[in-house]
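Please read it alongside the sequence and the structure shown here.

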Amino acid sequence: MEEQANSGNPGTVRRSARERAYEWIGEAILSGRYAEGQFLDEVALAGEVGTSRTPVREALHRLQAESFVELVPRRGAQVRVVTSTEMKEIYQARFVIESHAATEICRHRRGAPADARGLIEAMEAAGRERDWNTMARLDQAFHGSIVRHRGNAVLAEMYEAMRPRQVRLSVRTITEAPERLDTIEREHRMIADRLAEHDGEAAVAVLATHLREVPEVVRAFPG
């Protein structure tokens, strides 16, 4: 069996199984295989992942910490429902951190992050394929790169803590409004251009537009 072939160390085997379970369940939630509000069966999940129930249970605890699921007493894990209020609060928090990062990057004339253009191109390729999961992860990587480029490790850690929720929200919003893809891609390039030009005020203005509330998207989320 694969788990036995990986290592003779039981701890190593269990970590590997837990990681596989975490990645498989998280991907299934992101892709919409499991709908918001749906309860997950540990036995069925173990069969899908090819592990025992213990790694699945450990993965669900990790996913709870990342706001993917809620563990309901005597009922098990339920896919967490993302509300319009949470969506607004995530965007507000992102704007506070990202606008500060952009302002300081431009003030110190650091330019755009070295990987910004490559991430934008990869995002656009994923968008052409309608691979929303990959695009969402690259989107978070692009914005996270800007925050890290600021050079404040504590701020970067705070931003990284939002990553799972940010990725899930990005998948949901682009799925609800794929017609916004061209606008999103254009704004990403504008952000990188303004950073390269050391124009902090303009960069923040683009971020404000990029992270604004879109009424038709907000209406798609429960209150």
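In this predicted model, the largest cavity holds about 340 Å³ of space, where a cavity is a set of points on a 1 Å grid over the protein atoms alone at which a 1.4 Å probe fits but cannot get out, and a volume is the space filled by probe spheres set on the points, which are joined across faces, edges and corners. The structure holds 2 cavities of 30 Å³ or more.

**Largest cavity**
- Its lining, meaning residues with an atom within 4 Å of a point, comprises 24 residues, of which Y91, S170, T173, R180 and I184 lie nearest the centre.
- Two or more lining residues come from each of α5 (84-107), α7 (132-149), α9 (163-176), α10 (181-196), α11 (200-210) and α12 (215-218), helices being DSSP runs of H or I with at least four residues, numbered from the N terminus.
- By class, the lining has 13 nonpolar, 5 polar and 6 charged residues, with Ala, Val, Leu, Ile, Met, Phe, Trp, Tyr, Cys and Pro counted as nonpolar, Asp, Glu, Lys and Arg as charged, and the others, Gly among them, as polar.

**Second largest cavity**
- About 50 Å³ of space lies in the second largest cavity, and its lining divides into 5 nonpolar, 1 polar and 4 charged residues.
- The residues that line the second largest cavity include E66, F68, E86, R165 and R168.
- α5 and α9 are the elements that give this lining two or more residues, and α9 gives the most, with 4 residues.

**Basis of the values**
- Residues are numbered from 1 along each chain as its sequence is written.
- Local features need pLDDT of at least 70 and side-chain atom pairs count only at pLDDT 80 or more, while totals for chains, interfaces and linings use all residues, and side-chain values use heavy atoms, with hydrogens and water left out.

Terms used
1 Å grid on protein atoms, 1.4 Å probe; cavity = no way out; pocket = protein on both sides within 12 Å on 5 of 7 lines; lining within 4 Å.
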